[in-house]
Amino acid sequence: MKICIIALLTILNLPSVTPQIIPVETDNTQLVLHVDSKGIVRTFHYGEKSDYPSQYLNFNTGRGSDYGDGPMTYPTVGGGFNGQAALHVKYADGNQNTELYYVSHDVASGDGVVTTTLHLKDHLTKLEVDLIYEAHQREDVMLMHSVIKNKGRKPLRLRSFASASLNLDSDRYLLTHTYGGWATEMQMDQTLLTHDVKVLESRRGTQATQAGNPSFMLSLDGTYSETSGPVVAGALAWSGNYRISFERDQSERLNVVSGINPFASEYPLKAGDTFTTPEMIYTFSSEGAGRASRNIHRWARKMGVWNGGEINPTLLNHWEGAYWNFTTETLLRMIDDAAEMGLEMFVLDDGWFAQDHPRNDEKAGLGDWEVNRNKLPEGVDYVASYAHSKGLKFGIWIEPEMVNPDSNLAKEHPEWVVQSPGREIYQQRCQWLLDLTNPKVQDFVFDVFDRTVSLSPNIDYVKWDSNRRVMSFGSPYLGEEQDRFYVEYVQGLYKVLDRIREKYPHIIVQCCSSGGNRVDYGSLRYFNEFWTSDNTDAISRIRIQWGTSLLYPACAMGSHVSAVPNHQTNNVTPLKFRFDLASSGRLGMELQPKNLTEEERSQSKRYISAYKQFRDLVFTGDLYRLASPYEGDFYALMYVSQDKRRAVVFNYCLDFQNHSIGGHVFRLQGLDPSLKYKVTELNVDKSCWWGNGDTFSGDFLSTGGFNPIFREANSSAIFLLESNE
Ligand code: GLA
């Protein structure tokens, strides 16, 4: 047999390879890669760590499947594989076969991360692919991506170019992912995967995450549980079109191929060129979805979010309080009110700019980033300095990737607009998209940020908005190379953001995109937080924030208290309920404070002050989801400090409760069973829990006794748990 293989390798001009196992490991998880004697790299396991990774090879013996001797780690179109491939290359002669073989691998480590790089090669075409695995030891997170190098003499085209392919082995796969639209982001969808292929994708270009999100959870025992069972969670760090396919074959294996969506993007690679794919972030949990979320959140706080885990200030955003209709006086009085209520920042939203085509509604002004002197005769610095004089930080809104047809910019640079020659350029929110593949546009967008923050030395925060998707797709700059558009738009955006972060590392930048359109780890590398949704109704926000919490950390989740009836939904909810919900993320207010009654103002003051007592837990604690809004009348969650000595519990009652029954039991999680915690309900005169103010063991609170009584829909409670031991 051995002689046969050597003879075959000689005919094919392939070097013979010593078979070996390459384990990629974190503290508790393991990916088992195997190189066979032909040099084919296969994935045999991703999950719990075993001391005997080689057992996974034996386990595989004799199992027939589409994968021959086992699932290839980075399957390509060509050779014997017919499934969803990670890589599909079209060479200059039209041939589309690629077969990758192991050449070598290296391992480097530092700062709690072990990086394993596998070097693979197609010996015939000289195409090289590096597979890179970053294993974050303590977080149990693995980042996977590929680097594709055209080492041949002729150009080629990449027809698909995934970041990673991950093969899993189970018999029931429950896929949890999100879907939505404007104001209804991050709604949960679940499906048991049948045989064949299920695809999550976006083709919207810039607004990638409102209709879906490039992330998911897979329960490998077919049941969603927060606390038990094997779960693989994944998220792609890319802010444009994505594609994640789940292919279940007849052997029950599941192959997950994830990366940039190759839709309309047959990407050209000249001889000598390299293409780097975005990172796919994976974690495995043997303790249900809750642990998977916590792993990813920990990684995100450490390196997935710009300055993740640092406390961002509470704020008043002027948007829902005044929209486009304000003067300097309006803003100054809002600042007074924000300071008086104990908020820490004021954000001037849309409407401050454009002189010739004033931004008084959505129809004009985008692109003309000079201060509108009719509205703000004293300028932005005057307002920002006033905020600082009141002890508040100051933030400002921009939407630099966009242009209104009614603007000077659209007239000066029609060639900067994304468009298809000879066709109507579709508008969305009366605006067009600028072509970020063009380096001149990249300079312009950088300059908008640069000039805006130079309006005043007192600008601490920028809200970066992006209110439309790609339509009339086409780049005047790219000419005949339109295949590069979708990829290079996002790369162009990242180039701008790289420059911004190099120059302005300390400015807090919020990623807003009609609300939650850019909630992805490609963006969050550059942004301190995201605007979760334009929907500020606490009732809607419960599901939106629950879905967001699956893969994204609370430290980055902007959550505001707004007026009633709510401007998006018309719902009316108590002020306390609105505060209690917004306090489970980065708290802000977004209303006209002068419309609050005296009582509401003093309540707001109290709630804001309480938030400051526990917000370190929201920003740095571990999340435990206690009750899902998809399963009953309650939503409950808690954050626990890393040393387990403090925790904050949020309870929300979504529907009327029958008075004859007692309180709903929430079993707390993440506490130290042996510690004693004093439980204090915040923001109330009369507590809804009989044990308020008393001290209980972590064991008691986790196994039985926590049962606050709620009677009404939209009632809520926040409990602070502190251990002095
Ligand atoms: C978008 C944002 C809002 C607000 C408006 C301003 O809709 O999501 O928060 O900034 O734009 O026009």
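Visitor: Why is Tyr-635 called buried?
Guide: This is a predicted model, so every value is computed from predicted atoms. Tyr-635 has a relative accessible area of 2%. Buried means under 20%. Tyr-635 therefore counts as buried.

Visitor: What makes Tyr-652 buried?
Guide: Apply the cut-off again. The relative accessibility of Tyr-652 is 0%. The limit is under 20%, so Tyr-652 is buried.

Visitor: Why is the pair of Phe-161 and Phe-275 called edge-to-face?
Guide: Start with distance. The ring centres are 5.1 Å apart, and rings pair within 6.5 Å. Now the angle. The planes stand at 70 degrees, and over 60 counts as edge-to-face. So the pair of Phe-161 and Phe-275 is edge-to-face. The whole structure holds 45 aromatic pairs.

Visitor: Which parts of the chain does the pair of Phe-161 and Phe-275 link?
Guide: Distant ones. Phe-161 belongs to strand β9 (residues 156-161), and Phe-275 to strand β19 (residues 274-276). They are 114 residues apart. Both Phe-161 and Phe-275 are buried.

Visitor: What makes the pair of Tyr-635 and Tyr-652 stacked?
Guide: Their ring centres are 5.4 Å apart, with planes at 20 degrees. Planes under 30 degrees apart count as stacked. So the Tyr-635 and Tyr-652 pair is stacked. Tyr-635 is in strand β32 (residues 634-640) and Tyr-652 in strand β33 (residues 646-653), 17 residues apart.

Visitor: Which residues do ring pairs link into a cluster?
Guide: Trp-689, Trp-690, Phe-696, Phe-700, Phe-706 and Phe-719.

Visitor: How do you know that the charged end of Arg-543 sits over the ring of Tyr-630?
Guide: The charged end of Arg-543 is 4.4 Å from the ring centre of Tyr-630. The cut-off is within 6 Å, and the charge must also be within 35 degrees of the ring normal. Arg-543 is listed as sitting over the ring of Tyr-630. Arg-625 lies over the face of Trp-546, at 5.8 Å from the ring centre.

Visitor: Why is helix α12 called roughly parallel to helix α13?
Guide: The axes of α12 (residues 575-582) and α13 (residues 598-620) cross at roughly 25 degrees. Angles under 35 degrees count as roughly parallel. So α12 is roughly parallel to α13. The axes of α12 and α13 come within 11 Å, and the crossing is right-handed.

Visitor: Why is α12 described as largely enclosed?
Guide: Eight of the eight residues of α12 are buried, so the rest of the structure largely encloses this helix. Among them are Lys-576, Arg-578 and Asp-580.

Visitor: How do you know that strands β5 and β6 pair?
Guide: Count the bridges. Pairing needs at least two. β5 (residues 101-110) and β6 (residues 113-121) have nine, in the antiparallel sense. β5 and β6 form a hairpin with two residues between them. In that turn, Asp-111 has a positive phi of about 60 degrees.

Visitor: What joins β6 to strand β7?
Guide: Nine bridges, and the two strands run antiparallel. Thr-116 has Tyr-133 in β7 as its bridge partner. β6 and β7 form a hairpin with five residues between them.

Technical notes: Residues numbered from 1 in each chain as written. Predicted model: local features only at pLDDT ≥ 70, side-chain atom pairs only at ≥ 80, totals over all residues. Heavy atoms only, no water. Phe/Tyr/Trp six-rings, centres within 6.5 Å; stacked < 30°, edge-to-face > 60°. Helix = DSSP H or I, 4+ residues; strand = E, 2+ residues; numbered from the N terminus. Buried < 20%, exposed > 50% of the residue type's maximum accessible area, 1.4 Å probe, protein only. Axes fitted to C-alpha atoms, helices over the stretch in contact; angles between N-to-C directions. Parallel < 35°, antiparallel > 145°, perpendicular 65-115°, else oblique. Left-handed = near helix turned anticlockwise from the far one by under 90°.
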